[in-house]
Amino acid sequence: MADQPADKKLFENLSGAGKAIGVLTSGGDAQGMNAAVRAVVRMGIYVEAKVYFIYEGYQGMVDGGDNIVEVSWESVSSILQVGGTVIGSARCKEFRTREGRLKAAFNLIQRGITNLCVIGGDGSLTGANLFREEWSGLLEELAQSGKIEEEAVKKYVYLNIVGMVGSIDNDFCGTDMTIGTDSALHRIIEVVDAIMTTAQSHQRTFVLEVMGRHCGYLALVSALACGADWVFIPEYPPEEGWEEQMCVKLSENRARKKRLNIIIVAEGAIDSHNKPITSEKVKDLVVQQLGFDTRVTILGHVQRGGTPSAFDRILASRMGVEAVLALLEATPDTPACVVSLSGNQAVRLPLMECVQMTQEVQKAMDERKFCEAVRLRGRSFENNLNTYKLLSHRRPDAELPKTNFNVAVLNVGAPAAGMNAAVRSAVRVGITEGHNMFAVIDGFEGFARGQIKEISWGDVGGWTGQGGSLLGTKRTLPAKYLEKIADQMRANNINALMVIGGFEAYESCLQLAEARARFEEFCIPICVLPATISNNVPGTDFSIGADTALNAIVETCDRIKQSASGTKRRVFIIETMGGYCGYLANMGGLAAGADAAYVFEEQFDIRELQANVEHLTEKMKTSIQRGLVLRNENSNENYTTDFIYQLYSEEGKGVFDCRKNVLGHMQQGGAPSPFDRNFGTKISAKAVQWISKKLKETYRKEEGKVFANTQDSVCLLGMRRRNLLFQPVVDLKDQADFVHRIPKEQWWLKLRPLMKILAKYKTSYDVSDSGQLEHVARHSPKEAETGAI
């Protein structure tokens, strides 16, 4: 690691020596819990603390004995890719009584544990907080009964608690995503995609019931991600007379030649009188009113199972490390906190503030204050709901505003999963806003050739789940076709442009902005949406398509690790795509539990390669006799994948053997992940609303045309830390390295030490961003329009 700037706060001075941390999972299981357990154990050991597994949740804490065991580094090997929780989880009635908590306190004191990391839902975290509040009283009671010495009461006087929310329902206020939610969405979308093919064959209607007894997040996001015809969620019941409205909508869709209908029902769905709406009730209604062939599929516990997604592994690993830091920094005055995610930031929030707000949602629903319930769920939930309402129901032509503006959409660069979801969203929101929407085939090459056609609401039906680019995409920049493109814009009277793509899309719009002096046709609102698997676009932390590629890499790495485990003493070198951007290699390494990841952004030399070989040689002496090394395709022109493979093979002779694997274009293919469908859909809807606003502002009535010549009329919409921001492409010029086609500064480089720590390397970890306890934000309805995804 390079020397750190003086103003950075490093965690080397945070020692855990003499401290003992207990980690437990409680309540319902969720995929990704094991990644969190692994991160807590390894970070704890890294800072020289003792770490204990508490098996079977609070039950194990109450029972003690073999349920509380000190663990080593190897104890958490090979659990990253396993669903559920390897340390078990159980509901515990005894812990709800003071006697039970007394036993639990005694068992912890026996091992000197005064730091607890609890991974569970709001019930588990509320229990932990009560335990903390009673702690000193419990110790005194134990001392009075002679079970512990007075000395122990003084020594272990405080109990520190940090929570992480593991729940597939995403029902906890204060965090955008809970551990397990993304994986549950993966399971749902896999089923929906499979059902769609059979439904299409038989012209069927499918009613899908998903989990979410008190929270409609899974139902809502899966409805957004698959373009469902109707969704029922507890926070936003349908209006009176919904039965007729739904049937009208289903029959209208059939009349438009749509061969299937999908209706998604959350298990806790209710009507406006708080009466349950069941999947059977919905099915019976469709059969009686419309006579459609209708089937019900209840997904049940499938949603809790399976391997965690890349997103959940990274989220849980980040949260696990942050939780240990929070425990090390805790003082007697620090309230019990929960580590959560806000946008792209790990934050700490007071546990009871989050629990209180979560309970307020239920209270609002019980009192039928449904708008309040949606608002309390947070910006992300409200955004999802507003976007779904915009896209799912086409208003009659008579009700639509008519702007007579022509808006064109095109894809530029390499294909990325999620592009089609973004195009569908743009077309439908554009039509709702009253514009005429045009699709450009094959990027700027097609534009120059006049491959432009008007596109309707029905033309983009079923596009969300399709991978690649249905419009066709080319890497060609507009510079050499400027005159022809200007002619086509004039001929088709294009008033605004949406460009969906990677670094080329950004560069294209920069070229158009710079050509405005010569071509008045480019003086229109232009918006870039970042879509590339490489995630190398300046001005955004995430690009559409990167999550799908990351999941493809992680899935392959899991299989390769399994193969290496079987043969023993084997190291795999895996090459990922990404151009010069190391995002896929680095994040893939973090999510797959790699030993090293070589990237262009952090230069490496032969000494580092040698150190990695020595590290793996040491590892082969332990019980974990396998290695995984990722290399970004352009990380170094001389240290190629072949070179590294040969070096490792030579240096590892007699200790381990090597294999290499170039993943190639499989990373670009496949159906988009739920995250990419959702992200593409939402940012595209937001971009069209921005375009509408700019069209109104720049329309010159007297000339009857749009004239936008300011820098802020050519923008890139990106996610920065916690917010979605429109940034003029000209302003981003200084932030881009045009030679290597990457941003000059990249947020994920801060996570590199995290991967190294979890792979047992000594390194520095910048914790300047962490450590501040914040408060739960209560936002106004207006914020939902401007805020996070």
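How many residues of helix 7 are buried? The count is 10 of its 10 residues, so helix 7 is mostly covered, where buried means under 20% relative accessible area, exposed over 50% and partly exposed in between (1.4 Å probe, protein chains only). The model is predicted: local features need pLDDT of at least 70, side-chain atom pairs count only at pLDDT 80 or more, and totals for chains, interfaces and linings use all residues. Residues are numbered from 1 along each chain as its sequence is written, and side-chain values use heavy atoms, with hydrogens and water left out.

Helices (H or I, at least four residues) and strands (E, at least two) are DSSP runs, numbered from the N terminus. The buried residues of helix 7 include Tyr-217, Leu-220, Ser-222 and Cys-226. Their cover includes helix 6, helix 13 and helix 22. Strand 6 (205-210), strand 7 and strand 8 (261-266) also contribute to this cover; contact means heavy atoms within 4.5 Å. Gly-227 follows helix 7 and has a positive phi, near 70°.

Three cavities of 30 Å³ or more are present in the structure. A cavity is a set of points, on a 1 Å grid over the protein atoms alone, where a 1.4 Å probe fits but cannot get out; lining residues have an atom within 4 Å of a point. Grid points are joined across faces, edges and corners, and a volume is the space filled by probe spheres set on the points. The largest cavity holds about 430 Å³ of space. Its lining comprises 31 residues. Met-177, Phe-311, Leu-341, Phe-542 and Phe-675 lie nearest its centre. Elements giving two or more residues to this lining include helix 6 (181-202), helix 7 (217-226), helix 10 (310-329) and helix 13 (379-392). Helix 22 gives the most, with six residues. By class, the lining has 19 nonpolar, six polar and six charged residues. Here Ala, Val, Leu, Ile, Met, Phe, Trp, Tyr, Cys and Pro count as nonpolar, Asp, Glu, Lys and Arg as charged, and the others, Gly among them, as polar.

Across the whole structure, 41 salt bridges are found, each a side-chain nitrogen of Lys or Arg within 4 Å of a carboxyl oxygen of Asp or Glu. One of them pairs Glu-235 with Arg-377, with the closest N and O atoms 2.7 Å apart. This pair links distant parts of the chain, 142 residues apart. Glu-235 sits in the loop between strand 7 (230-232) and helix 8 (242-255), and Arg-377 in helix 12 (residues 370-377). Glu-235 is buried at a relative accessible area of 0%. Arg-377 is also buried, at 13%.

Helix 17 takes part in two further pairs. Arg-741 bridges to Glu-504, with the closest N and O atoms 2.6 Å apart. Arg-741 is partly exposed at 29%, whereas Glu-504 is buried at 9%. Lys-733 and Glu-514 meet in a salt bridge of 2.9 Å, N to O. Lys-733 lies in the loop between strand 25 (723-728) and strand 26, and Glu-514 in helix 17, so this pair ties together parts that are 219 residues apart in sequence. Lys-733 is partly exposed at 35% relative accessibility, and Glu-514 is partly exposed at 48%. Elsewhere, salt bridges that share partners join Arg-98, Arg-101, Glu-134 and Glu-141 into one network.

Conventions: 1 Å grid on protein atoms, 1.4 Å probe; cavity = no way out; pocket = protein on both sides within 12 Å on 5 of 7 lines; lining within 4 Å.
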